[in-house]
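Let me put the sequence and the model up, and then I'll talk you through a handful of spots.

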Amino acid sequence: MATNLDPTTAVQYLKGVGPVRARALGRLGIESVADLLTHYPRRYFDRTSALPIGRLRPGQEATVLGEVLTAGERRTRRGGTLQTVSLGDDTGVVFCVWFNQRFVLKQFRPGRRVLASGQVQLHGGQRQLAHPDYELLDEQDQDGPAGLHTGRLVPVYPLTSGVGQHWLRALVHQALERLGPGLPETLPEGLRRRRRLPGRAEALQGLHFPASAAALEAAHRRLVYEEIFAIQVLMALRRESRRQLEGIRLEKPGDLTRRLVKGLPFALTGAQRRVLAEILADLRSGAAMHRLLQGDVGSGKTLVALVAALFVIEQGWQAMLMAPTEVLARQHGRTLQRLCDPLGVTIETLTGSTPAAQRRKVLAGVGAGEIDLLVGTHALIQDDVAMPRLALTVVDEQHRFGVRQRSRGAADKETGRAVHVLVMSATPIPRSLALTLYGDLDLSVIDELPPGRQPVRTELIREDQEDAVWADLRREVAAGRQAYVIHPVIEETEGQDLKAATAEHARLARDVFPDRRVALLHGRLKGREKDEVMDAFAGGAIDVLVATTVVEVGVDVPNATRMVIHNPERFGLAQLHQLRGRIGRGAASSACWLLVDRFLGEEAWQRLTFFAGHADGFALAEEDLRRRGPGDAWGVRQHGAPGFRLANPLRDKDLVQDCRADAQELLAADPQLAGPDGLVVRSALQAGFGRALPLSTG
Ligand code: ADP
Ligand code: MG
């Protein structure tokens, strides 16, 4: 058998992987052998610990061994499907349920023996496991060497249709066997010794097929360390290369900022004034600004960004503001236009759907220096956008972009001086995570909301009580207020989710609000259509907006006072917080109704109850992190940024500090990463994290 395998080898070259299986693996994001080895187990079955089903207690994490009794599926009211499989042993029956996972029915034929693991929940008096991890015991027990599936700690992998647990486990085993010591090391040896970390080959072996709980622990620690260390090195590199950049010096303030502030119907909050002082000091300093502005939903970041932009503009320079979505970019365009017009500042908006002719016109104006402030989506940062006098780039809702886009700030062509960059985020980030994701930035925090805001009353309502919710919305709309009705749309079930939102829109328009204006907004609409709907909603011409998460970030319509969220359990807490932040923006009292299915599991119930009881974004973000890990909470994973696979900077606080110190030490001794230790790290970055995070500062 050929053993010339290296980490970049495509999985097809492994024994037993044909084109069909390779495609199935592709759905799990596995293309190379390296991908396969970092497809880490989600958990482990302790095969000696299966419990009698009759002894299962709600709330417990448990593994059971049972026989499939029945397997079936039903439609949910919202157009999804629910798969239910009953498992029995001599002592009782437990139900396994999945949402929209049709492929499980093909596997769970009655009579098969199954090992299933998950949290026990109680539903209508029955015990169930929601989305359990599982293994079909009679399935190809011949996969892999003897004992592979029956050791003490057996790895359990995330699966997809066409990829079974046994088969995948044997495949990982094969890859480890054949690659073995050929796995390149990613951490310098001295560092490993000092921090008592096992080598990479040993750690991967230990994570996939641990000989003991202690071996697993050590392997896990090592691999977490590696992930955080890589980020810390990249951050340190960026910080260093920035320190060398001279920034555009802005030292002759005009009167635009003063005139703006004087014309506002309210006073800036103390926190807004404080962060502005920090920002303006950067702009005056002569060094390039790279600052993160953090402030909870509704804290008034847009205005801070505008003042910073005007400070630049009043000195003869240009600024741009980037938003993560078209809806948000256009809203910023409208808001800022209103504020800029009286000051004689010219502003244009550019998004992916701006017609070509208009785009050319705007670009010409920008290029000629006639446009002071350019607002848009990241279509803006395409290479053909040349702003000759650009001095400041503001990136709004930074966490929705990939990391790659964040630091794109070119230099001024004539002087070679760097453009100032201000990134803004509504996600309150614990310090250990901030050091990880934004370790290369300075930090300003708006820790105060404008006065007069009322907390949003939030309640879980069972779907069979929804009439009360609609009655409340009708009253509110009759009083001249507006409402959002939110549907989750997630990638895997996008088609069905959109159908549900569309059906809901039709039903509400026909049966519930026949005399009101109800509109639908989702990501598949064209930019122009989205714009029309958002315009109409912002202008009060629409009463009820049925929407997907396109309104999640930044949308600001203070007259909207109600939000109904369908299937809220499918959102993370940080995302729910963003959504709820769309209401409670004016002086009127607002309410958020979470419509939940009566089959809602215990974990989801607790999470949503926590959400209902907490208005503070910081508390919610911590809870989200604790429950889900940072990748999901910040949406970084699906955006191709450094989605940590194992690390959780909140849990691994101490490692973050260690890694930061180690990274700084390494770079102090070897700034070019050219010595023996540096080269180990450099090639690791290029092979792995380098793909997601550019080594250069672009
Ligand atoms: P976010 O920080 O979530 O981006 P926005 O910038 O959208 O918040 O501001 C939310 C709302 O608060 C806007 O309607 C804005 O006009 C208003 N606002 C901003 N600053 C103040 C202030 N100092 N006093 C009162 N309202 C303010
Ligand atoms: Mg905002």
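**A walk through the model**

Let's start with Gln-318, which lies in strand 10, residues 318–322. Strands here are DSSP runs of E with at least two residues, helices are runs of H or I with at least four, and both are numbered from the N terminus. Before I go on, the housekeeping: this is a predicted model, where local features need pLDDT of at least 70, side-chain atom pairs count only at pLDDT 80 or more, and totals for chains, interfaces and linings use all residues. Residues are numbered from 1 along each chain as its sequence is written, chains are lettered from A and ligands numbered from 1 in the order in which they are written, and side-chain values use heavy atoms, with hydrogens and water left out.

Back to Gln-318. Is Gln-318 buried or exposed? Buried, because its relative accessible area is 2%, and buried means under 20%, exposed over 50%, partly exposed in between, with a 1.4 Å probe and protein chains only. The side chain of Gln-318 also reaches the backbone oxygen of Ile-371, at 2.8 Å. That is a polar contact: a pair of N or O atoms within 3.5 Å, where within protein one must be able to donate a hydrogen and the other to accept it, and residues adjacent in sequence count only if both atoms are side-chain atoms.

Now the ligand. Which residues come nearest to ligand 1? There are 17 residues around it, and the nearest are Gly-298, Lys-301, Thr-302, Arg-453 and Asp-556; near means that a heavy atom of the residue lies within 4 Å. By class, that shell has 6 nonpolar, 6 polar and 5 charged residues. For the classes, Ala, Val, Leu, Ile, Met, Phe, Trp, Tyr, Cys and Pro are nonpolar, Asp, Glu, Lys and Arg are charged, and the others, Gly among them, are polar. Helix 10, residues 301–313, gives the largest share of the shell, 3 residues.

On to the backbone around ligand 1. A polar backbone atom of Gly-298 is 2.6 Å from an oxygen atom of ligand 1. For Ser-299, a backbone N or O atom lies 3.3 Å from a ligand 1 oxygen. On its own, ligand 1 has 570 Å² of accessible area, and the protein covers 85% of that; the areas are Shrake-Rupley with a 1.4 Å probe, and for residues only the protein chains shown count as cover.

His-131 has a phi near 45 degrees, a positive value in a residue other than glycine. Where is His-131 found? In the loop between strand 6 (126–130) and strand 7 (133–136). His-131 counts as partly exposed, because its relative accessibility is 42%. Asn-567 is not a glycine either, and has a positive phi of about 45 degrees. This one sits in the loop between strand 20 (560–566) and helix 18 (573–580). Asn-567 is buried, because its relative accessible area is 10%.

Last stop: some C-alpha pairs. Phe-45, in strand 1 (residues 43–46), is buried at 0% relative accessible area. Phe-45 and Ala-62 are 17 residues apart in sequence and 9.5 Å apart in space, C-alpha to C-alpha. Ser-117 belongs to strand 5, residues 113–123, and counts as buried at 1% relative accessibility. From Ser-117 to Val-64 there are 53 residues in sequence and 6.4 Å in space, again C-alpha to C-alpha.

Then the helices. Ala-329 is in helix 11 (residues 326–340), and is buried at 0% relative accessibility. Its C-alpha is separated by 5.8 Å from that of Thr-377, which is 48 residues apart along the chain. Finally, Trp-470 lies in helix 15, residues 466–478, and counts as buried at 3% relative accessibility.
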